[in-house]
Amino acid sequence: MRALVYHGPGAKAWEEVPKPEITAETDAIVRVDTTTICGTDLHILKGDVPVVTDGRILGHEAVGTVEAVGSGVRTVKAGDRVLVSCVTVCGSCRFCREGRYGQCLGGGGWIFGYKIDGTQAEYVRVPFADTSTYPVPSGAADEDILMLADILPTGYEVGVLNGGVRPGDVVAIVGSGPIGLSAITGARLFSPSHVVAIDMADSRLEAAKQFGADIAINNSREDPLEAIRALTGGLGADVAIEAVGVPATFELAVELSRPGGRIANIGVHGEPATLHLEDQWIRDITITTGLVDTYSTPTLLRLVTSGQVNAGRFITHRFAMDEFDQAYDVFARAGETGALKVVLTRSS
Ligand SMILES: NC(=O)c1ccc[n+]([C@@H]2O[C@H](COP(=O)([O-])OP(=O)(O)OC[C@H]3O[C@@H](n4cnc5c(N)ncnc54)[C@H](O)[C@@H]3O)[C@@H](O)[C@H]2O)c1
Ligand SMILES: [Zn+2]
Ligand SMILES: [Zn+2]
């Protein structure tokens, strides 16, 4: 089969590799029908994630068709269309039993395209297939369901639910990439009074408005603190969601929140950020952090199939699987290309 293989910083190739085989009785082999690229894959390609070594197949999002299952798999069978989620779930460890799948101690968590071979391939081995895949509802388009592999649960769980968004809230969302847009999408489900999107790229702010932001602020030109204060009688946002991953945006999210407000960090940070406790100790704020668990996937599946969440609008570009080079190039130059999510589909 062919797969997108990482060969050290800056190097990748769509090349011939051995087809995966069942190695544990709880495994499934899934034929990948559609897959996508995540910002995390770009971090890996830069060499920022040293756990990923030469020879690793990249990717942690897919929708596919089950080809074979191990003898211990109970609920998934050959021929089933499934969502392969970015988080793998052993189902029996302490954290899986709490629904905290991202922290799985039994060999799951985020492993695809990181610790084991990933989904940017013609076939993928899926460990703990019963608990790590979700059936694709009949009638649902593969590419809509694909958005549930990572971005939609991330924005919803780590941003909206951790931030405790409630009706009438003013919600400030820093960053309007696919994750920030997912947070906007999730926040809207709770009838906030205002969703304020903050980004430095006008193309992303345009997308934010289409996704339901009431106010879009370019913080390279405008002071978001002033705008939020004007909107809230000087108090600040009820919920501030950080969806970028640099110190400045975390510090901004804290600044934007009101006394008693909630700050939900989603961004993956590579450097320390400053928490100004000398100002914040008195303000009753709550800060949450987290890796996506994907416990909300069944809920989001219902919201997508009922039409309450429009997953298709994340998709800006489509490619065939042998066009990974072009797809990565378009995705990496999102500022110029306007890319949000690029989808790669198997040429049947
Ligand atoms: N916690 C999790 O489980 C989890 C899961 C997936 C992704 N993430 C992280 O979420 C973050 C966002 O992901 P994404 O795919 O949307 O990334 P992205 O790079 O596509 O989007 C980030 C956006 O932030 C904007 N930005 C950059 N610097 C800014 C600044 N100083 N002020 C305002 N806006 C700024 C960019 O213009 C861009 O639109 C990343 O850090 C990613 O690694 C976390
Ligand atoms: Zn991802
Ligand atoms: Zn577990």
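How many nonpolar, polar and charged residues does the lining of the second largest pocket have? That lining has 8 nonpolar, 2 polar and 3 charged residues, where Ala, Val, Leu, Ile, Met, Phe, Trp, Tyr, Cys and Pro count as nonpolar, Asp, Glu, Lys and Arg as charged, and the others, Gly among them, as polar. The model is predicted, so local features need pLDDT of at least 70 and side-chain atom pairs count only at pLDDT 80 or more, while totals for chains, interfaces and linings use all residues. Residues are numbered from 1 along each chain as its sequence is written, chains are lettered from A and ligands numbered from 1 in the order in which they are written, and side-chain values use heavy atoms, with hydrogens and water left out.

The second largest pocket holds about 190 Å³ of space. A pocket is an open set of points, on a 1 Å grid over the protein atoms alone, where a 1.4 Å probe fits and protein lies on both sides within 12 Å along at least five of seven lines; lining residues have an atom within 4 Å of a point. Grid points are joined across faces, edges and corners, and the volume is the space filled by probe spheres set on the points. Of the 13 residues that line the second largest pocket, Met1, Pro18, Pro20, Ile57 and Asp117 are the closest to its centre.

The largest pocket contains about 1,600 Å³ of space. It is lined by 50 residues, of which Gly39, Thr40, His43, Val244 and Val268 are the closest to its centre. Two or more lining residues come from each of α1, α5, α6 (178-188), β11 (194-199), α9 (247-256), α12 (324-332) and α13 (334-337); helices (H or I, at least four residues) and strands (E, at least two) are DSSP runs, numbered from the N terminus. The element that gives the most is α1, with 5 residues. By class, the lining of the largest pocket divides into 25 nonpolar, 18 polar and 7 charged residues.

In α5, 10 of the 11 residues are buried, that is, under 20% relative accessible area, with exposed meaning over 50% and partly exposed in between (1.4 Å probe, protein chains only). The buried residues of α5 include Ile151, Leu152, Tyr156 and Val160. They pack against α6, β13 (237-242), β14 (257-265), α11 (297-305) and β17 (341-345). In α9, 7 of the 10 residues are buried, among them Phe250, Leu252 and Leu256.

The metal sites come next. The zinc ion (ligand 2) is coordinated by Cys38 (SG), His60 (NE2) and Asp150 (OD), at 1.8 to 2.3 Å. Donors are N, O and S atoms within 2.8 Å of the metal (3.2 Å for Na, K and Ca); water is not among the atoms, so sites may look incomplete. Along the chain, the donor residues of this zinc ion are spaced C-x21-H-x89-D. His60 lies in the loop between α1 (39-46) and β4 (62-69), and Asp150 in the loop between α4 (142-146) and α5 (151-161), so the pair ties together parts that are 90 residues apart in sequence. His60 is buried, at 3% relative accessibility, and Asp150 is also buried, at 8%.

Cys93 counts as buried at 10% relative accessibility, and Cys96 does so at 5%.

Some loop residues complete the picture. Thr294 lies in the loop between β15 (286-288) and α11 and is buried, with a relative accessible area of 0%. Not counting residues up to four places away in sequence, Thr294 touches Ser85, Cys86, Val87, Tyr101, Tyr134, Pro153 and Glu157, contact meaning heavy atoms within 4.5 Å.

Asp284, in the loop between α10 (277-280) and β15, is exposed at 60% relative accessibility. Its phi is near 60°, a positive value in a residue other than glycine. Most residues other than glycine have a negative phi.
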